[in-house]
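Welcome, and please open the model in your viewer with side chains ready to display. We will go from stop to stop, selecting a few residues each time.

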Amino acid sequence: MNNKEYIDNVKSGKTSAVKTVKSILSEIKKINKDYNYFNNVTENLALELAEKVDKNPKGKLTGLPISIKDDICVKGVETTCSSNILRGYKPIFNATVVKRLIDEGAVIIGKTNQDAFGFGSFNTNTDYEIPKNPRDKSRVTGGSSGGAAGFTALTEFPHVAIGESTGGSIAAPCSFCGVQGLTPTYGAVSRYGLIDYSNSLDKIGVIGKTVNDLDLVFDVIRGHDSKDSTSLNKSFNKDGNVKKIGLIKETLDIDPKIRDVVLKKLDELNIKYEKISLPLVSKYSLAAYYIIAMSEASTNLNKYCGMRYGQEENLNLPYNEYFSDVRTKYFNKESKRRIILGTFTRMAGYRDAFYLKAMKVRTLIIEEYKKAFSKYDLLVSPAMPIIAPKFSEVNKLSPAENYMMDIMTVAPNLAGLPHLSLDAGTCNKMPVGIMFTGNHLDETKLINVGKKYGI
Amino acid sequence: MKIDKKILQSVANNARIKLNKKEEEELLVQLNDVLSIFSKLNEVNTDNVESSFQPIEVKNVFREDKVESCKEDVLSNVKNKENNYFKGPKAL
């Protein structure tokens, strides 16, 4: 039974939402023992919502269990971004996406694991237990929405996950776990209630087993919200025809086995493409992305200082010492690294050379993309340059080598372009993802190409 | 451009992060490694190029400056509070 059929059955009274939710909650407990996908299972909230649905089965998502990445606020539910500094924080409001989901009959089942504040590509930078790949427990799920993608792959019940991407945090875990993910245009989904990583890059999106699932949930969460000042008040492009696809030449310079899985898939589906070169996008996105992301992150994380929410300490310490004490104790290594780098790239004397330079290079990268979209409806590339690595391999990487793994995914994120990551097949028994990128607000083209794909 | 020990200490102090000797040494190598990636942007000519602070054109949104009371809710996440105010460390 697919999610659409399930929703119809709940609506007609053939299936009970409470019964399904009870089953998925016990499945989560079982899976979580080995895989660590959930930071928090919201059993009471889930049952309360499911009971309401059974009494009054209404809405586009009637009774559908939905997991929420832990960087999105759910009222009264501990929300930590997987960081120790936010342990115990219970938001006093729902994020707009959560409100919209509940209004359409969805059932919130829990908060999924991630890299703390989204800082990572493998979900190994979490302050909770590290999630494991659904196909091989010695490998990573990818990050930062690792819990969301891993659980989507393993669950046998109706479910869709809400993820979030700053520089590839939806496409990367989807590629490594063999599921599908939509990262929308910047501003297409309200960020109200999303705990900021990098304001000009963060986008809430959807992870599911099928493209229909992505379409179903995206339709509910998208659209203007007056509570988010960067929320777009524009309609999506109606033309969903995909006639010409450009394959980004530079992204093929990877392990030939992974490249061949992607090329074979395009041939199998009879998707015609032309090779296209995007030199600026390929060469400079990574540096521009990380400078912007870290600069913005370092200002966003200033608010975690032991006051108002999150961890607190003894107030008898001297003024500055108090803040340093809390931050030093509760931020993890990667968070500290990014705060320090981001503080540096914004500092007087360095700001022009790094932060402002990156903002200008972003303009040139967007222009190069726009030029490509004047000729092509969509662009295509592998989603990740590797298959899910083993934990032992990740531990050996330096921070710089770690950041290099995002080479494919940072560019569309930097330019705010919507992209769709789809499972393309396997290499060494591990999933390989293919990524389609569209022009701003061209989500219809992405969904259409995804549906043609047949997942 | 390189980060030396003095810059690192000043940045960490600004960011209110304390580092021990071992962390300082480790970070100096890692940060300079990352800065060499960042410095690649120097190859790009950005004369007369505008900055993109957002990836897509965003217009200012204003709302009425109306006070809504939520004091009790807002204080629900802290232990350090007094008389309906957040309590912080002594400034003097």
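The tour below visits salt bridges, a helix residue, aromatic rings and cysteines.

This is a predicted model, in which local features need pLDDT of at least 70 and side-chain atom pairs count only at pLDDT 80 or more, while totals for chains, interfaces and linings use all residues. Residues are numbered from 1 along each chain as its sequence is written, chains are lettered from A and ligands numbered from 1 in the order in which they are written, and side-chain values use heavy atoms, with hydrogens and water left out.

**Stop 1: a pair on a helix**

Select D8(A) and K4(A). Their side chains form a salt bridge, with N to O at 3.6 Å; the term stands for a side-chain nitrogen of Lys or Arg within 4 Å of a carboxyl oxygen of Asp or Glu. Both residues belong to helix α1 (residues 3–12) of chain A, four residues apart, or about one turn of the helix. Helices (H or I, at least four residues) and strands (E, at least two) are DSSP runs numbered from the N terminus.

**Stop 2: a link between distant parts**

Now select K111(A) and D70(A), whose side chains meet in a salt bridge of 3.1 Å, N to O. This pair links distant parts of the chain, 41 residues apart: K111(A) is in strand β3 (residues 107–112), and D70(A) is in the loop between β2 (65–69) and α4 (96–103), both in chain A. K111(A) is buried at 0% relative accessible area, and D70(A) is buried at 1%.

**Stop 3**

S335(A) counts as buried, with 1% relative accessibility. What does S335(A) contact, leaving aside its neighbours within four places in sequence? The partners are A116(A), F117(A) and F119(A), where contact means heavy atoms within 4.5 Å.

**Stop 4: rings**

Rings of Phe, Tyr and Trp (its six-membered ring) pair if their centres lie within 6.5 Å; planes under 30 degrees apart count as stacked, over 60 as edge-to-face and the rest as tilted. The whole structure has 19 aromatic pairs over all chains.

Next, show R222(A) with F236(A): the charged end of R222(A) sits over that ring, 4.7 Å from its centre. This wording requires NZ of Lys or CZ of Arg within 6 Å of the ring centre and within 35 degrees of the ring normal. R222(A) is also linked with K60(A) and D219(A) in a network of salt bridges.

**Stop 5: cysteines**

How many disulfides does the structure hold over all chains? There are zero, a disulfide being a pair of cysteine sulfur atoms within 2.5 Å. Select C81(A): its closest cysteine sulfur, in C73(A), is 7.9 Å away, too far for a bond. C81(A) is buried, at 0% relative accessible area.

Note on methods
Buried means under 20% relative accessible area, exposed over 50%, partly exposed in between (1.4 Å probe, protein chains only).
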